[in-house]
Amino acid sequence: MSRKKQSTPPPLPRRLREALDEAHKLMGNKQWLQALDLLQPLTEEYPKSAELYKILSNIYVGLGDAHGVLHAAQTLAELEPRTPLIQLNLAGAYLANSWPAIALRVFRNFLRRWPGHPRAAEVNETVAKLGQVIHAALTDLGLPEADGLAVLELHEDLQVQLQLGHYERAQQLAAEVLRRKPDFAPALNNLAQAQALQGRYAEAIATCDRVLAFQPDNIHALSNRLRCLVLSGRLEEAEQAKAPLLASQAPATDGWVKKAEALAYLGDDEAMLALFSQIPKKELSSAHAMLWHYAAVAACMLGKESDARRYWQEALKHNPTLSLARANLDDLKRPVGEREGPWPFTLNYWLRENIARELERAARDRRDNTLRDAVREVLAHHPEITALAPRLLERGGREGREFILRLAEVAATPELLEATKAFALGRRGSDAMRMKVAQTLAMHGLLPRGAKTRLWLRGEWQDMLMLGFEVHGEPVRVQGRSPQVERWLDEAHARLRAEEWEAAEQLLQKAVQAEPNQPDLLYNLSAIYLATGRKAQAEALWEQIHASDPDYLFARTALAQRAAKCGEVERARQLLDPLLSRVRLHYSELSALAAAYIELLLAEGQHDSALSWLKMWEEIRPDDPALDHYRSKLGQAERPRMPRLSQLSSLLRRRHG
């Protein structure tokens, strides 16, 4: 009888094969983190590649990341359920994550399926030792021997489902555990976690209260309760819940971390560092990486940057894959005016995904409502968002700030606008973001327009001019203009950019003949005169335009610049000051106005005020080529480009990490 041929696995895609080869080289040099950064993004593109997850498993082992090892082992067990060694690795991963009951189950399944495997004797020894481990665990948890193993296994399954983000399944398992043992505090605490992660804070608080009714000093219940109070916007109650949590001396797994986590949500940096100083050195040496991260955030908030840097470095020693620590540490390396940190959590720790869905649905299905009304309805249904706004603006990182600022822009509620104003006048976040917000507030009359406001920029307080213009880049078309003149004008602009002066002038002369006394046509013609050395003719055209249309901005600013350079500062100010009352400018109009005011202020000897105009100009239109001339004139280096606010949906579609 012929033997059945084994099927040959399909070849790996070239992109994946090359990435795996590169990862092997990095692993050979023990560059585990670089190898992880290379392969991790590929899991979305190749979710069913066993080869990819085998390499990732080895990388996580090299990093000492037990959670990562377990995730890779679980995925491999689903992809190759008939491979004995993969099942053994899965059992070992459960054991490394302190889930002995599930590990025992997998080991026993292994022995039942492959009793003659070469490693069966070794597994039998491990199973015997696990019996002792589980006996000790049952004793510690107060579970009876008879039904204890089943309860323990259910509880560990509950924890696994929580880690995977399967919250409904986690609650089902919790219900089964509590049916067998109604006063089992660990299951109640995990149930509260599942409820909170679904945004059901009232239920989670009630579950915590069930625990505290028979264990009033249970650290996990006290910590979970405080966190849920914060996230539901009940901040005064959360503050009152701090004292019993900090006073508790009850034994608890990761008790220090749970206390620190609650303080991070509460935003009590002094209490955080006081707590950190109380941890015995013996325990601190093996402390959870997040504990070091929380301490680093508190230290940085209080201006202790060297301590913060050291704590984040220590966090990464304990867990090199802790992205929060890495991101904050990178942020601390930036110039002071570009920093967004520190932040203890990403946005999805603060706000649940159901809020994202409601806001997106409101924006999409608002029917007769305006977008503002639709978003306000969601805010009324979720008052915790408004309550948390100041906290997110202070310590929510860039994404938390962008979320609140975008909401404030759309909803414009008094509470959100007040929080936004406090942010603009404060010291958190990047200079670019605070400057942009301040100018927007001035545009809406929430900061004084045309006056200076004290802002924290580049690590010091500076007086900045708040103009409050709405600046746009929409095409400007003259009403009633003929298509032929539009074509001549467009072609003339192209010729101007190519410095083909004669051709551009001929086209503009045709346009002026067809539509005499149009200020934009005459002003473009004056630009050619100026570029070709006919300054007197250009200036005569400016005067002609201004006489026939005093509101035409470009003629006013050109005349003002000429007056300022000639020392006629009063004449220049008379031309420019009326323009400050405008509320909407095109980008090109802003550039002309800013350049004219800088010339005027320099003529008046007001260098700092001229610099204020330059900064405002840079923040609004950072790519304007005219900026280089005025930076040089004012002795300023080029500033980094201001980042734009993201759209609402891009900030809200993140799942909880």
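Cys300 is buried at 12% relative accessibility, where buried stands for a relative accessible area under 20%, exposed for over 50% and partly exposed for values in between, computed with a 1.4 Å probe on protein chains only. The structure is a predicted model, in which local features need pLDDT of at least 70 and side-chain atom pairs count only at pLDDT 80 or more, while totals for chains, interfaces and linings use all residues. Residues are numbered from 1 along each chain as its sequence is written, and side-chain values use heavy atoms, with hydrogens and water left out.

Another cysteine, Cys228, is buried as well, with a relative accessible area of 1%. A disulfide is a covalent bond between the sulfur atoms of two cysteines; here a disulfide is taken as a pair of cysteine sulfur atoms within 2.5 Å, and by this rule the count is zero. For Cys228, the closest cysteine sulfur belongs to Cys208 and lies 5.6 Å away, which is too far for a bond.

In soluble globular proteins, nonpolar side chains tend to be buried together. A nonpolar core is defined as a set of buried Ala, Val, Leu, Ile, Met, Phe, Trp, Tyr and Cys residues joined through side-chain atoms within 4.5 Å. The largest such core holds 218 residues, of which Leu39, Ile59, Tyr94, Trp312, Trp350, Leu351 and Trp613 touch the most other members. Helix H19 (residues 289-301) gives the largest share of this core, with twelve residues; helices (H or I, at least four residues) and strands (E, at least two) are DSSP runs numbered from the N terminus. When residues up to four places away in sequence are not counted, the contacts of Trp350 include Tyr201, Val230, Leu231, Tyr265, Phe345, Leu388 and Arg391, a contact being heavy atoms within 4.5 Å. With neighbours within four places in sequence left aside, Pro84 is in contact with Phe110, Trp114 and His117. Pro84 lies in helix H6 (residues 84-96), and its C-alpha atom is separated by 7.4 Å from that of Trp114, 30 residues apart along the chain.

Pockets were located on a 1 Å grid over the protein atoms alone, a pocket being an open set of points where a 1.4 Å probe fits, with protein on both sides within 12 Å along at least five of seven lines, and lining residues having an atom within 4 Å of a point. The second largest pocket has a volume of about 1600 Å³, this volume being the space filled by probe spheres set on grid points that are joined across faces, edges and corners. Its lining comprises 47 residues, and those closest to the pocket centre are Tyr523, Asn524, Tyr552, Phe554 and Ser588. Among the helices that each supply at least two lining residues are helix H31 (519-531), helix H33 (553-565) and helix H35 (587-603). The lining divides into 21 nonpolar, ten polar and 16 charged residues, with Ala, Val, Leu, Ile, Met, Phe, Trp, Tyr, Cys and Pro counted as nonpolar, Asp, Glu, Lys and Arg as charged, and the others, Gly among them, as polar. Helix H37 (627-634) also supplies at least two residues of this lining. Ser632 lies in helix H37 and is exposed at 57% relative accessibility.

Most residues other than glycine have a negative phi, and most peptide bonds are trans. A cis peptide bond, with omega of about 5 degrees, joins Gly341 and Pro342, and Pro342 is placed in the loop between helix H21 (323-332) and helix H22 (347-350). Lys30, which is not a glycine, has a positive phi of about 60 degrees; Lys30 lies in the loop between helix H1 (14-28) and helix H2 (32-39) and is exposed, with a relative accessible area of 63%. Asp254 likewise has a positive phi, near 55 degrees, and lies in the loop between helix H15 (242-247) and helix H16 (255-266), where Asp254 is partly exposed at 39% relative accessible area.
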